[in-house]
Amino acid sequence: RPPRSTLFPYTTLFRSLNTGAFVLEGFGLWPMAVFTNQALLVGPVSDPAHVRGLTSAAQAVRQIADRGHKFLVAALDVRIYFLDELLIAASGAKPGNWAVRSTNVGTALLQQAASLGAYTIWGDETVSLKAVTGKLEPLVTTDPVMQRTMVSIIVNPHAVAGVNAPGARSFQEYLTTPAAQAAILAFREKGFSSPTFWPAAATSA
């Protein structure tokens, strides 16, 4: 959670930060959804489980398990761990040593997956994927279950001194306009044909 003394006119928080407490304790106004970030299922370039192009990450996890391949669970990355557990449960796959708990995070997680010939879930960050070029690549990229919502929260000017509330509100209103949402949808990271972010303002309408 951001320090209570910090003078933010506006902030964007991931789900993993304690957004609920920040708002309920009176430090932030009601959150407005801005966009979602698309996580990916990445795996060996050879794709031995044949999951490339599937639209369901849960189905992909089931195939990985059924065909005896490894799936790394990011036990220490709260943003990814929830998705891992959700997909394992939704897959209906029987428990087994195919699901490998990893204490690595970030690039180290990808490097471990590459060394094991394993699959894993990854946030859409091109820089880290470059570290495993030729070994791992995105295989399931459009499942909405893997979208993580990001919200804007105006810091409560009655709780924190020095907040530029009018400016923050104007910025938030801009981010949720159709034009800004269209720009979010149009953005692509280099090497990806699918959107990095998906507009989400309509869910707060």
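**View 1. Buried residues of helix α6 in the predicted model.** Helix α6 (residues 165-175) has A165, A168, Q172 and L175 as its buried residues. Viewed along the α6 axis, these buried residues fall within an arc of 85°, so they line one face of the helix. Their cover includes β2 (32-38), β8 (147-153) and α7 (178-186).

**View 2. The open sheet of 5 strands.** Pairing in this sheet is mixed, and the strand order is β5-β4-β6-β3-β7. The edges are formed by β5 (99-102) and β7 (136-140); each has a single partner strand, so one side of each is left without a neighbour in the sheet. From one strand to the next, the twist averages 40°.

**View 3. Pairing of strands β3 and β7.** Strand β3 (residues 40-44) runs antiparallel to β7, and the two are joined over 4 bridges. L41 is placed opposite V140 of β7.

**View 4. Helices α3 and α4 against the strands.** Helix α3 (residues 78-91) lies across β4 (71-74), β5 and β6 (119-122), and its direction is at about 135° to β4. Helix α4 (residues 107-116) packs on the sheet and touches β3, β4, β5, β6 and β7. The direction of α4 makes about 160° with that of β6.

**View 5. An aromatic cluster.** F35, F187 and F197 are linked into a cluster by ring pairs. With ring centres required to lie within 6.5 Å, the count comes to 3 aromatic pairs.

Conventions. Residues numbered from 1 in each chain as written. Predicted model: local features only at pLDDT ≥ 70, side-chain atom pairs only at ≥ 80, totals over all residues. Heavy atoms only, no water. Phe/Tyr/Trp six-rings, centres within 6.5 Å; stacked < 30°, edge-to-face > 60°. Pairing = 2+ DSSP bridges. Axes fitted to C-alpha atoms, helices over the stretch in contact; angles between N-to-C directions. Contact = heavy atoms within 4.5 Å. Buried < 20%, exposed > 50% of the residue type's maximum accessible area, 1.4 Å probe, protein only. Arc of directions from axis to C-beta.
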